[in-house]
Amino acid sequence: MIKNIVLILKLMKYLLTGIICLILMFIYKEDITFHPTKYTFEMQHMYFFITTAILPFFRLKHQSWFISDGEPVVSYKQKALDLHHQDLAQNHKDRKWTSNGVYTNPFEYTSVDTMSHDNMSEWLYSVAKSMIMSMLFIFLGPIFIFLDIYIKYKK
């Protein structure tokens, strides 16, 4: 029961992503305008509507094509802090950092992580990849489906 609900929610999320991509494409092509508000229907839009309807099922089947699962993005600040901690671990055993008699490390940050946008960058990359791949699918749906069939046939 819960699996079915999660599946339906995923399909709805993927459909919403496809609809957003479709609207952005129509705005870019000026088929949708806001001043005055109008929508110009063309026959090619039927193709776009059909591929948008197929998109959620294809995304569910091939999530790795649309969602970024790569290594997390690490900023240069976090890399520098990690190298500093590595240096501490290797070279400063049994010694104390002192600054005017205070037993602390004056170069250490107040937390073990830097104030950076590492996680934000990873999230933005994932969203951008999802949107771009969804737009490509809406434009080139039959090619994606052909690739899927071809890959299955080769296995």
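Helices (H or I, at least four residues) and strands (E, at least two) are DSSP runs, numbered from the N terminus. With that in hand, welcome to the close-ups. This is a predicted model, in which local features need pLDDT of at least 70, side-chain atom pairs count only at pLDDT 80 or more, and totals for chains, interfaces and linings use all residues. Residues are numbered from 1 along each chain as its sequence is written, and side-chain values use heavy atoms, with hydrogens and water left out.

**Figure 1**
Reading from the N terminus, the order of elements is α-β-β-α-α-α-α. Of the 155 residues, 24% count as buried; here buried means under 20% relative accessible area, exposed means over 50%, and partly exposed is in between (1.4 Å probe, protein chains only). The accessible surface comes to about 11,800 Å², and 67% of that surface belongs to carbon and sulfur atoms. Such areas come from the Shrake-Rupley method with a 1.4 Å probe, and for residues only the protein chains shown count as cover. Among contacts between residues at least 6 apart in sequence, 70% join residues at least 24 apart, where contact means heavy atoms within 4.5 Å.

**Figure 1. Helix 1 packs with helix 2.**
Two packed helices are described by the angle between their axes and the distance between the axes. For helix 1 (residues 2-28) and helix 2 (residues 44-61), the angle is about 145° and the axes are 8 Å apart. Axes are lines fitted to C-alpha atoms, for helices over the stretch in contact, and angles run from 0 to 180 degrees between N-to-C directions. Helix 1 passes helix 2 in a right-handed crossing; a crossing is right-handed if the near helix is turned clockwise from the far one by less than a right angle, and left-handed if anticlockwise. On the helix 1 side, the residues that meet helix 2 include Leu7, Leu11, Tyr14, Gly18 and Phe26. Their partners in helix 2 include His45, Phe48, Phe49, Pro56 and Leu60. By class, this contact has 14 nonpolar, four polar and two charged residues. In that count, Ala, Val, Leu, Ile, Met, Phe, Trp, Tyr, Cys and Pro are nonpolar, Asp, Glu, Lys and Arg are charged, and the others, Gly among them, are polar.

**Figure 2. Aromatic rings pair up, with 12 such pairs in the whole structure.**
Rings of Phe, Tyr and Trp (its six-membered ring) pair if their centres lie within 6.5 Å; planes under 30 degrees apart count as stacked, over 60 as edge-to-face and the rest as tilted. Phenylalanine 26 and phenylalanine 49 make an edge-to-face pair, 6.0 Å centre to centre with 85° between the planes. Phenylalanine 26 lies in helix 1 and phenylalanine 49 in helix 2, so this pair ties together parts that are 23 residues apart in sequence. Phenylalanine 26 is buried, at a relative accessible area of 2%, whereas phenylalanine 49 is partly exposed, at 35%. Ring pairs also link Phe26, Tyr39, Tyr47, Phe48, Phe49 and Phe139 into a cluster.

**Figure 3. Phenylalanine 146 and tyrosine 150 sit in helix 5 (residues 118-154).**
The two residues are four apart, about one turn of the helix. Their ring centres are 6.3 Å apart and their planes stand at 25°, so the pair is stacked. Phenylalanine 146 is exposed, with a relative accessible area of 54%, and tyrosine 150 is partly exposed, with 40%.

Threonine 17 is buried, with a relative accessible area of 14%. Leaving aside neighbours within four places in sequence, threonine 17 is in contact with Arg59, Ser130, Met131 and Ser134. Isoleucine 20 counts as partly exposed, at 38% relative accessibility. Isoleucine 20 and methionine 135 are 115 residues apart in sequence, yet their C-alpha atoms are 9.4 Å apart in space.

**Figure 4. A cis peptide bond joins histidine 35 and proline 36.**
Omega for this bond is about -5°. Proline 36 lies in the loop between strand 1 (32-34) and strand 2 (37-39). Glutamate 30 is found in the loop between helix 1 and strand 1. Although glutamate 30 is not a glycine, its phi is positive, about 60°. At 59% relative accessibility, glutamate 30 counts as exposed.
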